[in-house]
Amino acid sequence: MKKYLCMATCLLFLATGCDNDDDDVTPEESYLAILSGATTVPTNNTSATGTTDAIYNSESNQLRLMVTYERINPTAWHIHRAEFGEKGPVVFDLGTNFMSPYETTITLTEEQEEKLDDGMYYIDIHSAEYPDGEIRGQLTDNEADDD
C-alpha cells in the first residue's frame, strides 16, 4: 500500500509541477506593413518608403503602432479597411503630427480586431503630389515573431 501511495504522490507532484503551455500564451500579436507606391491603388513610382510595426494586445484591445517613412511630405495618414489591392474607407485617422517615427495607440472593438486578424487594414500616407495615397502597406501577421 505504501508503494502505491508513494507512486500516486509522485505522479501528483509531477502533474502539478509540469509547465502548463497556457502560461506561455501571450495576449500580444505583432503585425507589419511595408509601405510603398507599388502597393497603392492605383500604383505609382514614388521613391518614398515606410514601415509600420504594430502590436495588438487582445486583453486591453489596444493596437500600438510605430510608423516610419522617408522621402515623403505627408499631408494625411490613415488606417483604411480593405483587402490588398482594393481601396477602402478610412477607419482611423492618425492625425496631423507627421513625425517619423510616429507612435500611437488605438483601442479596437471586437469587430475591428476580427478585421485586423483577417488582414483587412492598411496604412496609407498621402501627399500633395499623391492626394489619394503615395505609399501604402497592408497590416499582416508578423510571422517572424512565431519562430
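Reply: One term before we start. Buried means under 20% relative accessible area, and exposed means over 50%. Also, this is a predicted model.

Me: Fine. Which residues are buried in helix α2?
Reply: Helix α2 covers residues 110-117, and its buried residues are Q112, E113 and L116.

Me: How do they sit, seen down the axis of α2?
Reply: They fall within an arc of 105°, so the buried residues line one face of the helix. The general rule: an α-helix has 3.6 residues a turn, so residues three or four places apart point the same way.

Me: And which exposed residues does the face turned away carry?
Reply: E110 and E111.

Me: What do the buried residues of α2 pack against?
Reply: Strands. The list is β1, β2 (49-57), β3 (62-70), β5 (90-93), β6 and β7 (121-127).

Me: What follows α2?
Reply: G119 does, with a positive phi near 75°.

Me: Switching to rings. How many aromatic pairs does a search of the whole structure find?
Reply: Four. One of them is Y69 with W77. Their ring centres are 5.8 Å apart and the planes meet at 80°. Planes over 60 degrees apart count as edge-to-face, so this pair is edge-to-face.

Me: Are Y69 and W77 buried or exposed?
Reply: Both are buried. For W77 the relative accessible area is 0%.

Me: What other ring does W77 form an aromatic pair with?
Reply: Y102. That pair is tilted, at 4.8 Å centre to centre with 40° between the planes.

Me: Is Y102 buried or exposed?
Reply: Buried. Its relative accessible area is 12%, so Y102 falls below the 20% limit.

Me: Which residues form the aromatic cluster?
Reply: Y69, W77, F98 and Y102 form one cluster.

Me: What lies over the face of Y122?
Reply: R136, at 3.3 Å from the ring centre.

Me: Last topic, S30. Where is its place?
Reply: In strand β1, residues 28-35. S30 is buried, with a relative accessible area of 9%.

Me: How far apart are S30 and A54 in space?
Reply: 5.6 Å, C-alpha to C-alpha. In sequence, S30 and A54 are 24 residues apart.

Conventions
Residues are numbered from 1 along each chain as its sequence is written. This is a predicted model: local features need pLDDT of at least 70, side-chain atom pairs count only at pLDDT 80 or more; totals for chains, interfaces and linings use all residues. Side-chain values use heavy atoms; hydrogens and water are left out. Rings of Phe, Tyr and Trp (its six-membered ring) pair if their centres lie within 6.5 Å; planes under 30 degrees apart count as stacked, over 60 as edge-to-face and the rest as tilted. Buried means under 20% relative accessible area, exposed over 50%, partly exposed in between (1.4 Å probe, protein chains only). A charge sits over a ring if NZ of Lys or CZ of Arg is within 6 Å of the ring centre and within 35 degrees of the ring normal. Helices (H or I, at least four residues) and strands (E, at least two) are DSSP runs, numbered from the N terminus. The arc is that of the directions from the helix axis to the C-beta atoms. Contact means heavy atoms within 4.5 Å.
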